[in-house]
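Visitor: I am new to protein models and would like a quick tour. Please bring one up, and I will ask as we go.

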Amino acid sequence: MRFHHYGLVVDRLEESVAFYKKHFRLQEESRFSFMEEDIVFLAAREFRLELISSQSAENNTHLCFEVDDLYELMKRFDSNRRIEGPYKLENGWKTIFYEGPNKEVIEFLQIKPML
(Lines give C-alpha, C1' and ligand atoms only; values in the text may rest on other atoms or scores of the structure.)
Protein backbone atom coordinates (compact mmCIF):
# COMPACT_ATOMS: atom_id res chain seq x y z
CA MET A 1 0.00 0.00 0.00
CA ARG A 2 1.28 3.47 -0.86
CA PHE A 3 -0.05 6.99 -0.61
CA HIS A 4 -1.74 8.07 -3.86
CA HIS A 5 -3.40 11.46 -3.31
CA TYR A 6 -5.11 13.94 -1.03
CA GLY A 7 -8.61 14.92 -2.16
CA LEU A 8 -9.88 18.44 -1.54
CA VAL A 9 -13.38 19.80 -2.16
CA VAL A 10 -13.30 23.32 -3.65
CA ASP A 11 -15.95 25.93 -4.46
CA ARG A 12 -14.34 27.35 -7.62
CA LEU A 13 -12.59 24.57 -9.49
CA GLU A 14 -10.84 26.55 -12.22
CA GLU A 15 -9.64 29.23 -9.79
CA SER A 16 -8.28 26.48 -7.53
CA VAL A 17 -6.52 24.73 -10.43
CA ALA A 18 -4.83 28.01 -11.39
CA PHE A 19 -3.85 28.72 -7.77
CA TYR A 20 -2.20 25.33 -7.16
CA LYS A 21 -0.46 25.41 -10.55
CA LYS A 22 0.94 28.90 -9.92
CA HIS A 23 1.89 28.71 -6.25
CA PHE A 24 2.80 25.03 -5.90
CA ARG A 25 3.99 24.41 -9.47
CA LEU A 26 1.70 21.43 -9.83
CA GLN A 27 0.89 20.22 -13.34
CA GLU A 28 -2.48 18.99 -14.52
CA GLU A 29 -2.35 15.21 -14.73
CA SER A 30 -5.96 14.39 -15.62
CA ARG A 31 -9.48 15.76 -15.65
CA PHE A 32 -12.81 13.93 -15.67
CA SER A 33 -16.34 13.80 -14.27
CA PHE A 34 -17.61 11.06 -11.97
CA MET A 35 -21.04 10.87 -10.34
CA GLU A 36 -21.80 14.51 -11.22
CA GLU A 37 -18.50 15.75 -9.74
CA ASP A 38 -15.88 17.55 -11.83
CA ILE A 39 -12.44 16.29 -10.80
CA VAL A 40 -8.94 17.52 -11.64
CA PHE A 41 -5.74 15.74 -10.58
CA LEU A 42 -2.66 17.93 -10.17
CA ALA A 43 0.77 16.41 -9.59
CA ALA A 44 4.43 17.07 -8.91
CA ARG A 45 6.76 14.09 -8.67
CA GLU A 46 5.10 11.59 -6.31
CA PHE A 47 2.55 14.05 -4.87
CA ARG A 48 -1.02 14.27 -6.22
CA LEU A 49 -3.81 16.65 -5.28
CA GLU A 50 -7.36 15.81 -6.36
CA LEU A 51 -9.57 18.90 -6.65
CA ILE A 52 -13.30 18.12 -6.55
CA SER A 53 -15.92 20.68 -7.55
CA SER A 54 -18.22 21.30 -4.59
CA GLN A 55 -21.18 22.35 -6.72
CA SER A 56 -22.29 18.73 -6.72
CA ALA A 57 -19.97 17.21 -4.10
CA GLU A 58 -20.55 16.73 -0.42
CA ASN A 59 -17.59 17.27 1.90
CA ASN A 60 -15.44 14.59 0.30
CA THR A 61 -12.03 15.64 1.60
CA HIS A 62 -10.08 12.42 1.95
CA LEU A 63 -6.81 10.52 1.94
CA CYS A 64 -6.27 7.94 -0.78
CA PHE A 65 -3.99 4.92 -0.73
CA GLU A 66 -3.13 2.86 -3.80
CA VAL A 67 -3.39 -0.91 -3.35
CA ASP A 68 -2.52 -3.83 -5.60
CA ASP A 69 -5.77 -5.76 -5.01
CA LEU A 70 -8.88 -3.83 -3.94
CA TYR A 71 -10.94 -6.96 -3.26
CA GLU A 72 -8.25 -8.45 -1.03
CA LEU A 73 -8.19 -5.20 0.96
CA MET A 74 -11.99 -5.28 1.31
CA LYS A 75 -11.73 -8.60 3.15
CA ARG A 76 -9.76 -6.88 5.94
CA PHE A 77 -12.30 -4.10 6.57
CA ASP A 78 -15.54 -4.27 8.50
CA SER A 79 -18.32 -3.76 5.94
CA ASN A 80 -20.06 -1.41 8.43
CA ARG A 81 -17.23 1.07 7.82
CA ARG A 82 -17.83 1.16 4.06
CA ILE A 83 -19.15 4.52 2.91
CA GLU A 84 -19.53 3.77 -0.79
CA GLY A 85 -18.21 1.67 -3.64
CA PRO A 86 -16.57 -0.27 -5.04
CA TYR A 87 -16.70 1.62 -8.32
CA LYS A 88 -14.94 1.12 -11.63
CA LEU A 89 -13.94 4.43 -13.23
CA GLU A 90 -13.82 5.18 -16.97
CA ASN A 91 -10.03 4.91 -16.96
CA GLY A 92 -10.18 1.39 -15.50
CA TRP A 93 -9.30 2.30 -11.92
CA LYS A 94 -11.29 0.68 -9.11
CA THR A 95 -12.07 2.59 -5.91
CA ILE A 96 -13.85 2.23 -2.57
CA PHE A 97 -14.37 4.58 0.41
CA TYR A 98 -14.30 3.66 4.10
CA GLU A 99 -14.79 5.61 7.31
CA GLY A 100 -11.91 5.70 9.80
CA PRO A 101 -12.34 5.61 13.59
CA ASN A 102 -12.76 9.41 13.75
CA LYS A 103 -15.19 9.58 10.82
CA GLU A 104 -12.36 10.50 8.43
CA VAL A 105 -12.81 9.38 4.83
CA ILE A 106 -10.22 6.93 3.49
CA GLU A 107 -10.21 5.97 -0.19
CA PHE A 108 -8.46 2.90 -1.56
CA LEU A 109 -7.62 2.79 -5.25
CA GLN A 110 -6.49 -0.04 -7.52
CA ILE A 111 -4.87 1.36 -10.65
CA LYS A 112 -3.32 -1.69 -12.22
CA PRO A 113 -5.56 -4.56 -13.35
CA MET A 114 -5.02 -7.92 -11.73
CA LEU A 115 -3.02 -10.30 -13.92
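Visitor: Let me start with one side chain. Is lysine 75 buried or exposed?

Guide: This is a predicted model: local features need pLDDT of at least 70, side-chain atom pairs count only at pLDDT 80 or more, and totals for chains, interfaces and linings use all residues. Residues are numbered from 1 along each chain as its sequence is written, and side-chain values use heavy atoms, leaving out hydrogens and water. Buried means under 20% relative accessible area, exposed means over 50%, and partly exposed lies in between (1.4 Å probe, protein chains only). Lysine 75 has 65% relative accessibility, so it counts as exposed.

Visitor: Which residue forms a salt bridge with lysine 75?

Guide: A salt bridge is a side-chain nitrogen of Lys or Arg within 4 Å of a carboxyl oxygen of Asp or Glu. Here the closest N and O atoms are 3.4 Å apart. The partner is glutamate 72.

Visitor: How many residues apart in sequence are arginine 2 and glutamate 66?

Guide: These two form a salt bridge, with closest N and O atoms 3.4 Å apart. Arginine 2 is partly exposed at 34% relative accessibility, while glutamate 66 is buried at 11%. Helices (H or I, at least four residues) and strands (E, at least two) are DSSP runs, numbered from the N terminus. Arginine 2 sits in strand β1 and glutamate 66 in strand β5, so the pair ties together parts whose separation in sequence is 64 residues.

Visitor: Which aspartate forms a salt bridge with arginine 2?

Guide: In this pair the closest N and O atoms are 2.9 Å apart. The aspartate lies in the loop between β5 and α2, so the bridge ties together parts 66 residues apart in sequence.

Visitor: What does valine 40 contact, leaving aside neighbours within four places in sequence?

Guide: Contact means heavy atoms within 4.5 Å. Valine 40 belongs to the largest nonpolar core. Its contacts are Leu13, Val17, Glu28, Ser30, Arg31, Leu49, Glu50 and Leu51.

Visitor: How many residues of strand β8 are buried?

Guide: In a regular strand the side chains alternate between the two faces of the sheet. On one side of β8 lie Val105, Glu107 and Leu109, and on the other Ile106, Phe108 and Gln110. Both faces are covered. The buried count for this strand is six of six.

Visitor: Which strand runs parallel to β8?

Guide: Two strands pair if DSSP finds at least two bridges between them. β7 pairs with β8 in the antiparallel sense over six bridges. The parallel partner is joined to β8 by four bridges, and its cysteine 64 stands opposite glutamate 107. That strand is β5.

Visitor: Which residue takes a positive phi in the hairpin of β6 and β7?

Guide: β6 and β7 pair in the antiparallel sense over four bridges. Tyrosine 87 stands opposite threonine 95 in β7. Five residues lie between the strands, and the one with a positive phi near 95° is glycine 92.

Visitor: Last stop, the surface. What is the accessible area of the nonpolar patch of Phe3, Tyr6, Phe47 and Leu63?

Guide: Patches are made of residues with over 30% relative accessible area and no salt bridge, with like charges joined within 9 Å and nonpolar side chains (Val, Leu, Ile, Met, Phe, Trp, Tyr) within 5 Å. Phenylalanine 47 is partly exposed at 38% relative accessibility. Accessible areas come from the Shrake-Rupley method with a 1.4 Å probe, and for residues only the protein chains shown count as cover. Together, the four residues have about 340 Å².

How values were computed
A nonpolar core is a set of buried Ala, Val, Leu, Ile, Met, Phe, Trp, Tyr and Cys residues joined through side-chain atoms within 4.5 Å.
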